Amino acid sequence: METPEQTARWQAQTATEADQGERLDKWLSTWTELSRSRLRDLIEGGHVRADGDIVVKPTTKIRADIEYAVQVPPPIDDTPKPENIPLDILYEDDELIVLNKSAGMTVHPAPGSRSATLVNALLHHCEGSLSGIGGVMRSGIVHRLDKDTSGVMVVAKTDRAHQYLSKQFAKHTIERVYVALTRHSPKPRSGTFISRIARAENDRKKQAVVRGTVNNIEFSDHGRHAITHYKYLRGFGQAQNASIGTPKVSQIECQLETGRTHQIRVHMAHLGCPLLGDPLYGHQRAFLTQKSEPELRLAEAILTLKRQALHARLLGFRHPVTKEDMVFEAPIPPDMQNLIDILETLPK
């Protein structure tokens, strides 16, 4: 049997004077019919050669009269397969299913997460009754939670439900309430944060608030409009080197009017209170240098959490068939509750 390397095909082309100085990934995309993101993966994986020599930097500049070759692996079957993965189901009928997603579960298959996703679990549980509007990779998914965010989600089982729920999300009539544990507290402590959010210029994994759009979006049309209503619930401990009454950690309630990628995480970080445990937007070093027993326990609990302290507590929507207003809640999960229990022991 042939290995994937043996069945991979090569595409090659010699650069001309007109191509001189172009970025490698950009130039290759003009004649390989592969996306730049796919080409970056191939380049970094050692699948691109320049006159026989391996090139591993997507930013490499093209040189004239050099033959560049790309080894394109054979196509694989990306169709998600049903997997028997337990689900915490809060409600189910013929039109939809509401569940409490656990932290650590990716919602739909993507590069690096081809299996053990929510879609794989739903395909097994629903046995072919999921809506197909979102495509085979996103069967039934009308909204999503980050992999490491837990909480309530609704999934469409029919196309009718998919269309009706999608319209509610588009019109911002869905009620979505989250609980977050943040460093310090936002200023002001309660309010509405309006901005545009776009991919960060210096890190493709991160999103960022577009400069000049905070609470006044007319200054830029770059990025996507994002609105978060937030409310300070309570504080824990006393922040070091801060005015009396500044909590070390706050419990914040966030209600989404829009649902952009990483929206709460980006907005809270921009307000100076990143989520505890957030690997992208958090700054947790201050918690690792404390000496009291409760603070040492807190630092250990944050390291053990291994995710951002964010939970989708409540989801409300109108049923696509009965038109009944429905509200579902999921309790704070044990890992976040453990953090809260420790926070309550911090000296004020």
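Start with the largest nonpolar core, which has 33 residues; select Leu118, Leu122, Tyr178 and Met268, the ones with the most contacts inside it. A nonpolar core here is a set of buried Ala, Val, Leu, Ile, Met, Phe, Trp, Tyr and Cys residues joined through side-chain atoms within 4.5 Å. Buried means under 20% relative accessible area (1.4 Å probe, protein chains only). Now colour helix H4, residues 118–126: it supplies the largest share of this core, five residues. Helices are DSSP runs of H or I, at least four residues, and strands are runs of E, at least two, numbered from the N terminus.

A quick note on ground rules: this is a predicted model, where local features need pLDDT of at least 70 and side-chain atom pairs count only at pLDDT 80 or more, while totals for chains, interfaces and linings use all residues. Residues are numbered from 1 along each chain as its sequence is written, and side-chain values use heavy atoms, with hydrogens and water left out.

Next, zoom in on tyrosine 178. Leaving out residues up to four places away in sequence, its contacts (heavy atoms within 4.5 Å) include Leu145, Ile252, Leu310 and Arg313.

Then hop to a second, separate core of 17 residues, with Leu39, Val48, Tyr68 and Val70 among them.

Last stop: strand S6, residues 96–101. Which of its faces are covered? Both: Leu96, Val98 and Asn100 are buried on one side, Ile97, Leu99 and Lys101 on the other. Show S5 (residues 89–92) too, which pairs antiparallel with S6 over three bridges; pairing takes at least two DSSP bridges. Isoleucine 89 sits opposite leucine 99.

Technical notes
Buried means under 20% relative accessible area, exposed over 50%, partly exposed in between (1.4 Å probe, protein chains only).
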